Amino acid sequence: MKITFLGTGSPESHARRASSGYLVEVGTDKILLDCGGGVVSRLIESGRLPSDVTHLFFTHLHTDHMMDYGRLIHAAWDEGRVSMKVIGPAPIASITEKLFGKDGVLSTDLHARTENQGSQEVWLARGGTLPRPWPSPEISEVEPGFYYEGNGWKLTSCSAPHAQPWLTCMAFRIEAEGKSFVYSGDSALSAEVEELCKDADVLLHWCYRMKEETSNTFIASMSPSPDQIGEMAERAGVRQLFITHMRKKTDTEKGRAKALADVKSTFTREAKIAEDLDMVKL
Ligand SMILES: [Zn+2]
């Protein structure tokens, strides 16, 4: 299993970090977890193409986890992949229909690309055939606790306390080749997420709040600080911990050093701050 961090940032526009997106490769499957703004560019920078992605899973539908969804599907389609498995919470089906449906926001473009004679000739010259089908992602709407079995890998999930009741939010665990990788999505600490993290080889955990930022008690309760994440990961027996979803304000050399020191104050095994295009092999 190979994991590439494509976007380790937040909703903020930040040159160092795209919004959330992580690619997991097992055998010939390329599994993208979340697709925030900038993730498609990072995917291309990493040497892959949008059409290489076989599965796309969404932890939740905050924009910083899905803003590049339309771009990914359209770009994969342009490269010849008409369908892609897309698995996420509701309303991903209606979002997809609103993007790619007959009257969707991209319908004028899709009519032009498939019906204009010039565009058809370009398509034929690229080895395509007519009539050219529209993008047709294969959507599955799922609830926390769903299970997915791929070719040589499996994904389990649980609810992640974050933006309920507005959004359904999940954490994911992927197991393959005897190894395990957990992605918390955006999540407060919870017994269920901790159970999902049990003995994980790698945990990638959301970290939106630094230890010193504790003025708002609600936000503090929903956003574990680096030391609290480390404490939970230590209890769960995690082998390697990455914190991610870094904000511009604290994403300085000094801020990163402080965050990492706070993680290491409670977590005794290997810990790092995730960076865009970092790769982990398991
Ligand atoms: Zn979120």
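Q: Why does Trp153 count as buried?
A: A residue is called buried when its relative accessible area is under 20%, exposed when it is over 50%, and partly exposed in between, with a 1.4 Å probe and protein chains only. Trp153 has a relative accessibility of 2%, so it counts as buried, and Phe57, at 0%, counts as buried as well. The model is predicted, so local features need a pLDDT of at least 70 and side-chain atom pairs count only at pLDDT 80 or more, while totals for chains, interfaces and linings use all residues. Residues are numbered from 1 along each chain as its sequence is written, and side-chain values use heavy atoms, with hydrogens and water left out.

Q: How many aromatic pairs are there, and what makes the pair of Phe57 and Trp153 edge-to-face?
A: The count comes to 11 aromatic pairs. In the pair of Phe57 and Trp153, the ring centres lie 6.1 Å apart and the planes make an angle of 80°. Rings of Phe, Tyr and Trp (its six-membered ring) pair if their centres lie within 6.5 Å, and planes under 30 degrees apart count as stacked, over 60 as edge-to-face and the rest as tilted, so this pair is edge-to-face.

Q: How do you know that the pair of Phe57 and Trp153 links distant parts of the chain?
A: Phe57 belongs to strand E4 and Trp153 to strand E8 (residues 153-159), and the two are 96 residues apart. The names come from DSSP runs numbered from the N terminus, where helices (H or I) have at least four residues and strands (E) at least two. Phe57 and Trp153 are also members of one aromatic cluster together with Phe146, Tyr148 and Phe172.

Q: Why is Phe58 called buried, and what does it pair with?
A: Phe58 has a relative accessible area of 0% and is therefore buried, and Tyr69, also at 0%, counts as buried. Back at Phe57, the value was likewise 0%, which counts as buried. Phe58 and Tyr69 form an edge-to-face pair, 5.3 Å from centre to centre and with 90° between the planes. Phe58 lies in the loop between E4 and H2 and Tyr69 in helix H2, so this pair ties together parts that are 11 residues apart in sequence.

Q: What makes the site of the zinc ion irregular?
A: The zinc ion is coordinated by His60 (NE2), His62 (ND1), His162 (NE2) and Asp186 (OD), at 2.2 Å. Donors are N, O and S atoms within 2.8 Å of the metal (3.2 Å for Na, K and Ca), and water is not among the atoms, so sites may look incomplete. Four donors count as tetrahedral if all angles lie between 85 and 135 degrees, four count as square planar and six as octahedral if opposite donors are over 155 degrees apart and all others between 65 and 115, and anything else is irregular. Here the angles among the four donor atoms are 93 to 167°, and the site is irregular. His62 lies in the loop between strand E4 (55-57) and helix H2 (69-78) and Asp186 in the loop between strand E10 (179-183) and helix H6 (191-196), so the pair ties together parts that are 124 residues apart in sequence.

Q: Are His62 and Asp186 buried or partly exposed?
A: His62 has a relative accessible area of 29% and is partly exposed, whereas Asp186, at 3%, is buried.

Q: What makes the contact of Arg256 and Asp251 a salt bridge?
A: A salt bridge is a side-chain nitrogen of Lys or Arg within 4 Å of a carboxyl oxygen of Asp or Glu, and the side chains of Arg256 and Asp251 meet at 2.8 Å, N to O. Salt bridges that share partners join Arg16, Arg17, Asp251, Arg256 and Glu275 into one network. The whole structure holds 22 salt bridges, including one between Glu194 and Arg235, whose closest N and O atoms are 2.9 Å apart. That pair links distant parts of the chain, with Glu194 in helix H6 and Arg235 in helix H8 (residues 226-236), 41 residues apart.

Q: What places Arg132 over the ring of Trp77?
A: A charge sits over a ring if NZ of Lys or CZ of Arg is within 6 Å of the ring centre and within 35 degrees of the ring normal. The charged end of Arg132 sits over the ring of Trp77, 3.8 Å from its centre, and Arg132 also lies over the face of Trp123, at 3.6 Å from the ring centre.
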